[in-house]
Amino acid sequence: MSDSYELIIKNGLVVLPGEVVNLDIGIAGGKIAALEAGIDAGPDTTVLDAEGQYVLPGMIDMHVHFNEPSYGHWEGFRTGSASLAAGGCTTYADMPLNGNPPTVNLSALSLKAEMAAGHSAVDYVLWGGLVPGNLEHLEELWSAGVTGFKAFISNPGGEGEGRFREVDDETLYQGMKKIASLGGILALHAESDEMTAVLSAEAVREGRMEARDFAASRPPQAELEAVARALLYGKRTGCRLHFVHISTAAAIEMIQEAKLRGQDVSAETCPHYLILTEDDMESMGPVAKCAPPLRSAEEREKLWKALAEGKIDLIASDHSPCPPELKLAAGLSFFEAWGGISGAQSSMELMFHEGVNKRKLPVTLISRLLSGLPAERFGLSGRKGSIALGMDADLAVLNPDMPYTLAASDLLYRHKHSPYAGMNLSCRVTSTICRGEIVYTREQGVISPDGGEWIKIGEGQPAL
């Protein structure tokens, strides 16, 4: 049997769903074919020794912006997916913006899929969008295999005619009805545009343009109001909901209460809300600007508490890059600078460093947030998200005791600015395997830059 394995990962601390076991992993045909101690290698088998290291399911990052088409110079599939591979991610979900045309109809989806094909180091799924005027296109997008639909309750910004637009209440409600009829899921950027627009305009008029002024213009109440409104519409329509990048524990509690009442809803947060604070936003400047903004240290601790209690469903990077001149150019006010965190490469290391090594949370919990739960929520659990026989061999090997300082030169992004550059980390991803292929090692970098595939979510079948 040893001759049938193309790759064996030996001696690793294998993170299974609920336990960590010292096992070897035999891989054949891109799948996990054996999980047992002491697997013998054949003459043609590649062996990767993971002694003293964790072998985790590859991260599934459900929230990245690679900005194809038209804005690939902001990131693009090749550099974006390479950075994910270097961070232990084996599947990602590309959002329908800030590319132009945004992915709000079948022709735009086809264009994006064409641009991704042959340019991704790891596998991917694609989001469709809900915007004013595209209700009649939702069914064709769902039938073509999008993972779900994304909508903004606040102005998403961006450039160019035809850019992605926020929904009005009528579009939101009618869109939920349509998505519910398809069996789909709606992901929401939940901030009240009415509230943030008024507060932002007032701050600009009064010349209050610094980091804390920006945070004050997008207060926690804006998130809470939008979440409450969307939950009400979701309850009325029966639409499955997913709230992206939640920044406050109060919003997590509101979503948790809806779950307990039987509503089909989930919540994501991001490493930047768990690692950084508004103090960092003030000291670092626009490199740490995002929306919703970073919150207080007290709010960060409340989010960690909610995470430990199982009230957060998944962690995603919300990688939202841009050229440096849009974020760091001299003379830009904090309000004018692009709002988005470049962080996709660091998510697994950040969560292991802070969650496991520092806070002593179970590695199984962190793994479930990064891999298992995203797979379950978005229709991938029969194939990805856990280490089990027959699953895709999507794996990350992580050394838990490899301290290093993350340098900008380590980042594989097109533009190497990130609030995490310069941070001291206690662990490091050393290898990433996607469908049985070693796509990255720390020594060699990205080995296979173009083998990723588009995973269509049942081509119209409901996610789990």
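The model is a predicted one, so local features need pLDDT of at least 70 and side-chain atom pairs count only at pLDDT 80 or more, while totals for chains, interfaces and linings use all residues. Residues are numbered from 1 along each chain as its sequence is written, and side-chain values use heavy atoms, with hydrogens and water left out.

**Packing**

Let's start inside. A nonpolar core here is a set of buried Ala, Val, Leu, Ile, Met, Phe, Trp, Tyr and Cys residues joined through side-chain atoms within 4.5 Å. Buried stands for under 20% relative accessible area, exposed for over 50% and partly exposed for what lies in between, using a 1.4 Å probe and protein chains only. The largest such core has 100 residues, and Leu-186, Leu-188, Phe-243 and Leu-307 have the most contacts inside it. Take Leu-307: with neighbours within four places in sequence set aside, its contacts (heavy atoms within 4.5 Å) are Leu-274, Ile-312, Ile-315, Met-351, Leu-361, Leu-365, Ile-366 and Leu-369. Another core, of 21 residues, lies apart from the largest one and includes Val-104, Ala-187, Ala-375 and Ile-455.

Now for the gaps. On a 1 Å grid over the protein atoms alone, a cavity is a set of points where a 1.4 Å probe fits but cannot get out; a pocket is an open set with protein on both sides within 12 Å along at least five of seven lines, and lining residues have an atom within 4 Å of a point. Points are joined across faces, edges and corners, and a volume is the space filled by probe spheres set on them. Lining classes put Ala, Val, Leu, Ile, Met, Phe, Trp, Tyr, Cys and Pro under nonpolar, Asp, Glu, Lys and Arg under charged, and the others, Gly among them, under polar.

| Space | Volume | Lining by class |
|---|---|---|
| Largest pocket | about 670 Å³ | 15 nonpolar, 13 polar, seven charged residues |
| Second largest pocket | about 180 Å³ | five nonpolar, seven polar, three charged residues |
| Largest cavity | about 40 Å³ | two nonpolar, four polar, two charged residues |

In the largest pocket, 35 residues make up the lining, with Asn-155, Pro-156, Gly-157, Arg-218 and Ala-291 closest to the centre. Helix α5 supplies the largest share of that lining, five residues. (Helices are DSSP runs of H or I with at least four residues, strands are runs of E with at least two, and both are numbered from the N terminus.)

The second largest pocket has 15 lining residues, and Pro-17, Arg-368, Gly-372, Gly-385 and Ser-386 lie nearest its centre.

As for the cavity, its lining consists of Leu-97, Asn-98, Gly-99, Gly-157, Gly-158, Glu-159, Arg-163 and Phe-164.

**Aromatic pairs**

Rings of Phe, Tyr and Trp (its six-membered ring) pair if their centres lie within 6.5 Å; planes under 30 degrees apart are stacked, over 60 edge-to-face and the rest tilted. That rule gives 13 aromatic pairs. Tyr-54 and Phe-352 make a tilted one, 5.4 Å centre to centre with 55 degrees between the planes. This pair links strand β5 (residues 54-57) to helix α12 (residues 347-358), with its two members 298 residues apart. Tyr-54 is buried at 18% relative accessible area, and Phe-352 is buried at 2%.

Trp-74 and Trp-338 pair edge-to-face, at 4.9 Å and 75 degrees. Trp-74 sits in the loop between β6 (59-64) and α1 (77-86) and Trp-338 in the loop between β14 (314-315) and α12, so their pairing ties together parts 264 residues apart in sequence. Both Trp-74 and Trp-338 are buried.
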